[in-house]
Amino acid sequence: MKLYSASETRDLLPFVKLIEALRVAFCEGAEVPLRSHHSVELPGQPDATILLMPAWQAKGLGGVKIVNVNPGNAASGLPALSSAYLLFDTATGQHLAMLDGGEITNRRTAAAAALAADYLARCDASSLLIVGAGQVAANLTDAFSAVRSITRVSVWDINGENAAQLAADLAARGYEARAVSDLRNAVPEHDIISCATLAKEPLIHGAWLRPGQHLDLIGSFTPQMRETDDNAMARAQVFIDTPDALHESGDLIEPLKTGALSEDAINGTLYDLCGGRNSGGLDRAEITLFKATGTALEDLAAAKLVWEESKNA
């Protein structure tokens with residue numbers, strides 16, 4: 001069985017190819033059961049969680065991502081999250097490869113956001129505001145640059161030092177990048193706003209948005225988490241990655257409760273966009289919004305790409 005380190009996994013997932021692999025995956029589909037959660041009681045520290053995310057194609061490959069979340073690790077200076085991805089041959093069940101789950105997640109999340117933007121953002125979009133400065137956020141500039149000519153990048157984070165560090169890293173790689181401290185003033189200045197945070201209260205307010213902008217929300221993945229308010233959902237043309245997002249993210253659950261958003265008002269999913277449905281009549285002068293919580297289909301597409309790229313190397 002082939003083992004891929006974090007750096008090998010990352011290097012075999014170039015965004016241009018990964019975005020196209022996701023586009024194909026959402027056209028072809030796969031068997032994707034609901035992710036399963038298992039709570040682990042640990043004496044003297046917070047409970048841990050095991051997440052299992054399987055997906056497979058009957059004729060081809062399948063895989064399972066296992067994620068261990070141990071909040072108590074912070075006390076000992078260890079990462080709270082550990083993840084690995086097991087790729088297998090569906091027909092025989094033979095295990096083919098073990099990949100770094102963190103890099104799979106980080107890059108496929110950014111790539112899915114860029115894939116949606118390829119359908120929803122204006123063709124002349126050139127400025128990007130990144131809200132958040134974590135590992136997913138660090139991948140967003142390269143991902144969006146694969147589908148739009150990004151010439152200017154701003155970074156905001158609740159921790160100003162983290163925003164400055166990410167902006168400096170991007171500048172060192174040739175991007176025109178800067179950290180910003182005033183989120184309200186920064187939002188109207190950018191064509192694409194991409195949020196990758198763990199916020200539990202809205203960061204982006206609908207009143208700040210202007211026509212023609214694309215708002216990308218990829219950080220909120222529990223009912224308690226939100227990155228934008230009801231007003232943004234009411235003003236925008238809303239798309240989601242999969243129907244599961246309706247039950248997983250506070251960004252959707254809360255406005256559905258208040259009536260600011262209805263399921264009928266949601267324009268479609270990534271399956272619809274990649275299949276050529278539900279975007280043809282979209283007015284680029286409107287505000288578009290993409291909300292994603294992630295899917296094992298994306299993990300499988302990324303793992304397959306690593307496998308194929310390494311064979312061709």
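**View 1. The surroundings of Lys 65 in the predicted model.** Lys 65, leaving aside its neighbours within four places in sequence, is in contact with Leu 51, Leu 52, Met 53, Ser 83, Ala 84, Tyr 85, Gly 101, Thr 105, Arg 108 and Asp 299. The structure shown here, as in every view below, is a predicted model. Lys 65 belongs to strand β4, which covers residues 61–69. Its relative accessibility is 3%, so Lys 65 counts as buried. One of the contacting residues, Asp 299, makes a polar contact through its side chain with the side chain of Lys 65, at 3.2 Å.

View 2. Eight strands pair in parallel to form an open sheet, in the order β9-β8-β7-β10-β11-β14-β12-β13. The edge strands are β9 (177–179) and β13 (268–269); each has a single partner strand, so one side of each has no neighbour in the sheet. Strands β12 and β13 run parallel and are joined by two bridges. Opposite Thr 269 of β13 stands Ile 240.

**View 3. Helix α9 and what it packs against.** Helix α9 spans residues 250–258, and its buried residues are Gly 250, Asp 251, Leu 252, Ile 253 and Pro 255. These buried residues pack against strands β11 (214–217), β12 (237–240) and β14 (288–291), and against helices α7 (230–235) and α8 (245–248). At the start of α9, the backbone nitrogen of Asp 251 has a side-chain oxygen of Ser 249 within 3.1 Å. Just after the helix, Gly 259 has a positive phi of about 90 degrees.

**View 4. Cys 27 and Cys 274, two cysteines without a disulfide.** Zero disulfides are found in a search of the whole structure. Cys 27 is in no disulfide, and the nearest cysteine sulfur to its own is that of Cys 274, 5.3 Å away. Cys 27 is partly exposed, at 48% relative accessibility, whereas Cys 274 is buried, with a relative accessible area of 10%.

Conventions. Residues numbered from 1 in each chain as written. Predicted model: local features only at pLDDT ≥ 70, side-chain atom pairs only at ≥ 80, totals over all residues. Heavy atoms only, no water. Disulfide = S-S within 2.5 Å. Buried < 20%, exposed > 50% of the residue type's maximum accessible area, 1.4 Å probe, protein only. Helix = DSSP H or I, 4+ residues; strand = E, 2+ residues; numbered from the N terminus. Contact = heavy atoms within 4.5 Å. Polar contact = N/O pair within 3.5 Å; in protein donor to acceptor, adjacent residues only side chain to side chain. Pairing = 2+ DSSP bridges.
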